[in-house]
Amino acid sequence: MTDTISAAQARRIALAAQGFTRARPAKVSARHVHSVMARLGILQIDSVNVFARSHYMPLFSRLGAYDPALLDRLFLSRTTHYVEYLAHEATFMPVEDWPLWRFRREHFQRRLATPGSWAASNPRTLAWVTDELRSRGPLRPADIRADEPRDRGTWWDWDDVKLALEHLWRTGDVAISGRRGFERTYALAEHVIPTDVLAHEVSIPDAIRDLMRRAARSSGVATASDLADYYRIRDRAAVTTALQELTDAGELVPTQVRGWERQGRPLAAWRHRDAVLPRRVTAAALLTPFDPVVWFRDRALRAFGLDYRIEIYVPADKRRYGYYSLPVLVGDRIVARVDLKADRATSTLQVQSAWWEPSALPEDDSDAIAVELALAARWQGLESISVSGWGTAADRLHDALKGITDTPVARHVHLSEAVG
C-alpha cells in the first residue's frame with residue numbers, strides 16, 4: 001500500500017525532520033547542539049570563510065544566534081562526542097558511529113593500495129608517519145615536517161607527510177583528534193576512538209541498513225537517490241536491499257509525492273514511520289549550501305524548486321548570483337538567495353547580492369529575511385549592514401532592513417553601489 005501526499009506536504013515533512021518546526025531557544029546550550037546533531041546525523045565541514053564556515057551555519061539556521069566557541073569546544077577540540085570522517089564529504093559525526101564506516105575504510109584501503117598508487121609507492125613514508133604519531137601523540141602535518149632532519153631531501157616533502165596522514169585517516173589507522181584554528185591534528189585511531197567503539201564490528205549490510213534508516217529519519221520523506229546521497233552510498237543494490245528490508249519491517253512507508261517525477265513518471269519515495277506532517281512551517285533561516293536541506297541538487301530542485309550551483313569557481317564577471325550565495329528559507333519555501341560577506345575591517349555584513357526565487361512572495365518575505373540578516377550580523381559581531389544593488393531582491397531587502405527599528409545593527413544599513 002502506497003500513501004500519496006502533495007509536494008507541499010513533503011516539504012513540510014522534510015523541514016520538520018530537519019528541526020525547522022522547533023522554536024529557537026532563548027539561550028543555546030550544549031544540549032541544543034546535541035539535539036540538532038541527533039536530527040542531522042552529520043555536519044559537513046567546509047573551509048570557505050567569507051561569511052561563516054559552513055559547519056557553523058546549520059546550528060545558526062535552526063537555533064539562532066549562539067556562541068561559536070560552543071561548537072569549537074564540542075567539535076574542534078578533543079572530545080568524546082564527535083569525530084571527523086567521510087560520512088558524506090568531510091563531516092563531523094558521533095564518535096560511536098565509527099564502526100558503521102568500516103566498509104568505507106576498507107574501500108579506501110583497497111583503492112589506495114593498488115599498484116602504482118601513492119600509498120603503494122611510499123610504504124616508508126606511511127610507516128614513519130605512523131611511528132611519529134605513536135611516539136609523539138597528536139600532531140599537525142607541520143609538526144612532523146618541522147622536526148624531520150633536512151638531509152633526507154625531497155622524500156620528506158611536507159606534501160608527502162600530508163598525503164600519508166590523509167591516507168591513514170581514510171583507511172582508519174588515524175583519526176582527527178581536533179583542530180588548531182582550522183588546521184587538523186592527527187592521532188592514531190586508538191588514541192581518539194574509545195576502545196569499545198574501535199573493537200565493535202558492523203557488517204556491510206547492517207551498516208547500510210542503519211545508515212538508510214538514519215537518512216530516512218533525517219529526511220522525513222525521500223527518494224532512493226536522496227537517501228543514498230545523504231551518506232554518499234554508491235552501492236545502489238545495497239541501498240535497494242536496505243530500503244526493502246526497512247519497508248518490510250514497517251520502518252519506512254512507500255509514499256508517492258505528487259509532482260515528484262522523472263520523464264513524466266512518478267518517482268518512488270519513502271516516508272519514515274515517525275515523520276511528522278506539521279500544519280505549517282513558520283521558520284525563516286539562512287542556509288549554507290552544505291545544509292542537508294539543499295546539499296543534494298536533485299532534491300533541492302525537486303522539493304523546493306531551487307536550481308543551485310556554488311559559483312566559487314566561476315569567474316567573477318560570469319557569476320549570476322554571487323561567490324557564495326546562501327539559500328533563504330521562509331516557511332516551507334526557498335524564497336531567495338543572498339551572497340554574504342563579513343567584512344571584519346569595517347565590522348559590516350555585506351549583502352553583495354540578493355535574488356528572489358520563483359516561489360518568493362516579496363511583499364510577505366522581505367521582512368522575515370531582513371530579520372534573519374540582522375540576526376546574522378549580530379551573531380558575527382558586526383555593527384552594520386550594507387546592501388549592494390545587485391539582484392532582484394536587493395532594493396526591497398534594503399528597505400525592509402531600514403524599517404527594522406528594534407534592531408540596532410539595522411540602523412546602519414546603507415545601499416551601496418551595484419557590484420555585479
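pLDDT is the predictor's confidence in each residue, on a scale from 0 to 100. The model on screen is predicted, and its protein chain has an average pLDDT of 92. Of the residues, 93% score at least 70.

Stop 1: Where pLDDT is low, the predicted coordinates should not be read in detail.

**Stop 2: Gln263.** Next, select Gln263, in the loop that runs between strand S9 (261-262) and strand S10 (265-266). Gln263 is not a glycine, yet its phi is positive, at about 55 degrees. Is Gln263 buried or exposed? With a relative accessible area of 79%, Gln263 is exposed.

**Stop 3: Asp343.** Go on to strand S14, which covers residues 333-343 and includes Asp343. Asp343 is buried but forms no salt bridge. Its nearest side chain of opposite charge belongs to Lys341, 5.6 Å away, whereas a salt bridge needs the charged atoms within 4 Å. Now show the backbone of Ala345: its nitrogen is 3.2 Å from a polar atom of the Asp343 side chain. Which residues does Asp343 contact, leaving aside neighbours within four places in sequence? They are Thr348, Gln350 and Leu382.

**Stop 4: Ser347.** Finally, select Ser347, in the loop between S14 and strand S15 (348-356). Ser347 has a positive phi of about 55 degrees, although Ser347 is not a glycine. Ser347 is buried, and its relative accessible area is 14%.

Methods: Residues are numbered from 1 along each chain as its sequence is written. This is a predicted model: local features need pLDDT of at least 70, side-chain atom pairs count only at pLDDT 80 or more; totals for chains, interfaces and linings use all residues. Side-chain values use heavy atoms; hydrogens and water are left out. Helices (H or I, at least four residues) and strands (E, at least two) are DSSP runs, numbered from the N terminus. Buried means under 20% relative accessible area, exposed over 50%, partly exposed in between (1.4 Å probe, protein chains only). Lys and Arg count as positive and Asp and Glu as negative; His and the chain ends are not counted. A polar contact is a pair of N or O atoms within 3.5 Å; within protein, one must be able to donate a hydrogen and the other to accept it, and residues adjacent in sequence count only if both atoms are side-chain atoms. Contact means heavy atoms within 4.5 Å.
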